[in-house]
Amino acid sequence: MLVTLASFIFVLGVLIFVHELGHFLAAKAVGIGVPRFSIGFGPATPLRFTRGETEYVIAWFPLGGYVKMASREEQEAMAELEGGETPDDYPPEKLFENKPLGARIMVILAGVVMNVLFGWVTYAVLAGVYGRTEDPTTTMAAVEARALPAEARHLADVPRGAQIVGINGDTMRSYDAIRRSILSPTSERLRIDFANGVESVVVPIKGTDIDGRVRVDEALRPAWGPVAGLVHPGQPAHAAGIATGDRFIAVNGDTILTFFDLYQVVDANPDVPLTLTMQRDDSLFAVTVTPTDNVRPDPVTGEDESYGRIGVNPDFEPLRIRYGFGGSMVEGWRRTVEAAALIYATVKGIVFREVSTREIGGPIFIGQISGQLARVGLAALFDFMALLSINLAVLNILPIPVLDGGHLVFLLIEGVRGKPLSVAARMRLIQAGMLLLLGLMVLVFTNDILRLVGG
């Protein structure tokens, strides 16, 4: 518990500080006054001090932070959250609204830029120190025919256990390389070559057809061994006592040869108790797990369908790749772009009901994962922090009032109109944004609590 709490405070504290530091440095650079720099919202704790014009504060409500910039606008909506109003005698040349539009846009974007830079630098340092780890699996357990688009139906004829050795002429040495090649937007088609005399397959789907390429990627199921990797807190596998390194021997008496065999049974049996035979070291034991009932659109009909999950990832021995300085920076940026694309796809999936809102995690979930990864090692913890930092950047740039993206929209409207929206209009929109964020907080806390109780 202490490790989890300390990890949570460290992870969230660092990421909030990085974001707010971006706003703070940009505001100072363009001459905007900053009465308060706060980690957390609400009343200040005794951990506070003043230097120059700025009061530095740790506040009681830790889920965020703010840089209070000198302004006489929007105070009614934000004063309670941000420690009061700007004094009437504050120098007008240091007020936010009195600065040029370009300077204000730079200040608003600075927090997001800092989060992206933190993610990039963290990924680059990890690549330089530890190298990159990739999943060395190139053998396919199966091809799920139902997930394939019409142009790729012939992929279903590939035999179980086929090994992919090349795509579009490039040698494949890892599952990560396979996925990158399939999802590459620059290729006009996919030519997939296999080992041991299995006939090559040509899939005439352009890289710009993102949906088609994603469906091909999802249909190819790697032949991971039936061993538990990360076990997600609060999920059925965790509640049943399954731990990382445990081997799945059978489900309901049927032998499991690959992780995909387990996946198929779990996927098809939401809310149905399953008996798993497990091996830990030299001991066999049995547990009963009931997969959670989730909803996703059917890849063929588009209708909602139920599927099961028990909250466990496959385990594999990673392939390690080493980098020099230049290679580390390139790899760090590649991972940054990849993380941003993943988060964007998740947000889009939630909006269009392609991803269940039950997948969203909140502070409790972040704390649990942080604690788990801290026990694994600093590399795992900082890798998670880099992902969270990119996550903060993407979410903060969404056009929701209160968030940086909402303020950016206000400024862009001002640039188009030649004058800002009225203070009253901005206040109404900010209040609506606050209600939306409050609803989101209720959702993520509910999800976190349900995970804790196994719901």
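Predicted model: local features only at pLDDT ≥ 70, side-chain atom pairs only at ≥ 80, totals over all residues.
Local features were taken at pLDDT of at least 70 and side-chain atom pairs only at pLDDT 80 or more, while totals for chains, interfaces and linings use all residues. Residues are numbered from 1 along each chain as its sequence is written, and side-chain values use heavy atoms, with hydrogens and water left out. Helices (H or I, at least four residues) and strands (E, at least two) are DSSP runs, numbered from the N terminus. Two strands pair if DSSP finds at least two bridges between them.

Strand β5 (residues 164-167) is joined to strand β7 (residues 190-194) by three bridges. Within this antiparallel pair, G166 has D193 of β7 as its bridge partner. Contact here means heavy atoms within 4.5 Å. Axes are lines fitted to C-alpha atoms, for helices over the stretch in contact, and angles run from 0 to 180 degrees between N-to-C directions.

Helix α4 also meets helix α5 (residues 210-219). Their axes come within 9 Å and cross at roughly 155 degrees. The two helices are therefore roughly antiparallel, a label for angles over 145 degrees; those under 35 count as roughly parallel, 65 to 115 as roughly perpendicular and the rest as oblique. From α4, the contact uses Y175, R179, S181, I182 and L183. From α5, R213, V214, V216 and D217 take part.

Strand β11 (residues 247-251) runs antiparallel to β12, and two bridges join them. A250 stands opposite T255 in β12.

Helix α7 (residues 259-267) is mostly covered, with seven of its nine residues buried. Buried means under 20% relative accessible area, exposed over 50%, and partly exposed in between (1.4 Å probe, protein chains only). The buried residues of α7 are F259, F260, D261, L262, Y263, V266 and D267.

Most residues other than glycine have a negative phi. D271, in the loop between α7 and β13 (274-280), has a positive phi of about 65 degrees although it is not a glycine. D281 lies in the loop between β13 and β14. Its phi is also positive, at about 60 degrees, and D281 is not a glycine either. D281 counts as exposed, at 67% relative accessibility.

The structure holds eleven aromatic pairs. Rings of Phe, Tyr and Trp (its six-membered ring) pair if their centres lie within 6.5 Å; planes under 30 degrees apart count as stacked, over 60 as edge-to-face and the rest as tilted. The ring centres of F41 and Y66 are 5.8 Å apart and the planes lie at 15 degrees, so this pair is stacked. F41 is in strand β1 (residues 36-51) and Y66 in strand β2 (residues 54-68). The pair links distant parts of the chain, 25 residues apart. Y66 is buried, with a relative accessible area of 3%. One aromatic cluster is formed by F17, F24, F37, F49 and Y56.
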